[in-house]
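Work through the exercises below with the structure open beside you. Try each task by yourself before you read its solution.

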Amino acid sequence: MHNLLQVKHPKAPLDCVFFPMVDVLPGRLVNVIGNNACPTVALTPQTVRAAFTKEEDLFAKLSVQYLFPLLNLEDRRYFRRQMFEAWEPLLGLSAEENDSAIEAGFTAQAAYDASIRRKAREVLDALERDGRLGVVLLGRPYHHDPGLNHGIAEELQKLGYAVFSQSTLPLDEDLLDRLFGEEVRAGVIPHALDISDVWKNSFSASSNNKVWAAKFVARHPNLVAVELSNFKCGHDAPIFSVIEEIVERSGTPYFAFKDLDENRPAGSIKLRLETIDYSLRRYAEGLAQRRRAEARIGRWVAEYERRLRARLDPGPPPRASDAAPSI
Ligand code: SF4
């Protein structure tokens with residue numbers, strides 16, 4: 001905000017700064033209590049307003065309008081009204097213009113979401129084909145920022161691991177059926193996108209995504225989990241052990257970088273990543289051995305079945321012309 005008002009504004013005057021308080025996010029999981037953003041994050045625009053109006057109202061002084069509406073992105077009716085109330089006085093738009101702009105926005109968002117999940121599926125298929133490992137980052141949206149994640153995602157990529165985000169894992173039906181179908185049919189969970197079997201207080205969107213992504217990782221043989229957390233996060237604390245148990249119970253490697261903000265020297269993170277790389281290489285070797293053993297057993301079973309069938313069904317009786325000549 002300081003940069004916008006004090007650096008950008010003098011060069012290219014701003015009419016308005018839009019910094020919405022996003023309270024509810026769109027969610028893909030089912031049967032959750034809510035999809036709320038962290039209140040600390042959601043209300044940051046209010047804190048910013050307080051900071052920039054405390055001694056003098058800097059927005060008024062610079063003739064910059066500050067828009068910080070509360071938004072519910074999950075309920076389209078609320079969202080339309082909230083956006084209209086925020087923008088109508090400034091743009092003088094009609095309700096129809098407001099609605100069509102919002103629909104265009106959601107259409108673009110859905111196309112982006114689908115494209116990134118499609119890409120994630122392609123990468124996952126390639127990992128399965130080649131017997132390689134990928135890492136799912138279990139972290140909040142801001143952990144994609146290299147300034148906050150200390151470059152951990154990039155380093156893992158450099159070490160040869162495909163890195164997936166917890167929010168954009170593929171949701172194709174065939175894949176979900178492969179990972180969760182048995183539990184759904186057995187009645188353990190009502191739906192592949194349900195987390196009620198492991199997490200009941202499902203009101204935080206990021207926590208819900210994190211728990212579901214942990215379940216996904218635990219069921220996929222080519223994925224491992226790296227959890228990131230900052231600032232002694234009040235939302236992460238209650239699910240640390242849930243996540244760890246979900247992932248480790250399946251025998252899947254789980255690594256965690258907690259309290260990332262505590263100015264850790266880059267060297268110690270690099271060292272830790274090298275250790276992770278070493279243990280993942282060992283894990284990958286074990287997986288490859290298992291794949292080879294499974295393939296060998298598969299071949300034996302097929303051969304055994306072929307012989308059994310041949311014994312049970314010796315084929316059609318020989319024709320008279322095939323009979324050995326009598327002497
Ligand atoms: S660290 Fe946790 S509690 Fe703090 S702002 Fe981030 S999500 Fe919210």
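A residue counts as near a molecule if its C-beta atom, placed from the backbone, lies within 6 Å of that molecule. Keep in mind throughout that this is a predicted model.

**Exercise 1.** List the residues around the ligand, sort them by class, and find which domains they come from.

*Solution.* Begin with the list itself, which consists of C38, T40, V41, R140, N230, F231, C233, G234 and H235. Next, sorting this shell by class gives four nonpolar, four polar and one charged residues. Finally, turn to the domains: domain 1 (2–109) and domain 2 (125–286) each supply at least three residues to the shell around the ligand.

**Exercise 2.** Describe the largest nonpolar core, and follow the contacts of V217.

*Solution.* The largest nonpolar core has 36 residues, and those that touch the most other members are V136, L138, A214, V217 and A225. Among the elements that give two or more residues to this core are α6 (95–130), β5 (134–138), α10 (205–219) and β7 (223–228), and the largest share, seven residues, comes from α10. Once its neighbours within four places in sequence are set aside, V217 is in contact with V136, L223, V224, A225, V247 and T252.

**Exercise 3.** Is N31, which has a positive phi although it is not a glycine, buried or exposed?

*Solution.* First locate N31, which lies in the loop between β2 (21–24) and α2 (39–42), and note that its phi is about 60°. A residue is exposed if 12 or fewer other C-beta atoms lie within 10 Å of its own; N31 has 12 such atoms within 10 Å, and therefore it is exposed.

Notes: Residues are numbered from 1 along each chain as its sequence is written. This is a predicted model: local features need pLDDT of at least 70, side-chain atom pairs count only at pLDDT 80 or more; totals for chains, interfaces and linings use all residues. Ala, Val, Leu, Ile, Met, Phe, Trp, Tyr, Cys and Pro count as nonpolar, Asp, Glu, Lys and Arg as charged, and the others, Gly among them, as polar. Domain bounds come from an automatic or database domain assignment. A nonpolar core is a set of buried Ala, Val, Leu, Ile, Met, Phe, Trp, Tyr and Cys residues joined through C-beta atoms within 7 Å. A residue is buried if 20 or more other C-beta atoms lie within 10 Å of its own, exposed if 12 or fewer, and partly exposed in between; C-beta atoms are placed from the backbone. Helices (H or I, at least four residues) and strands (E, at least two) are DSSP runs, numbered from the N terminus. Two residues are in contact if their C-beta atoms, placed from the backbone, lie within 7 Å.
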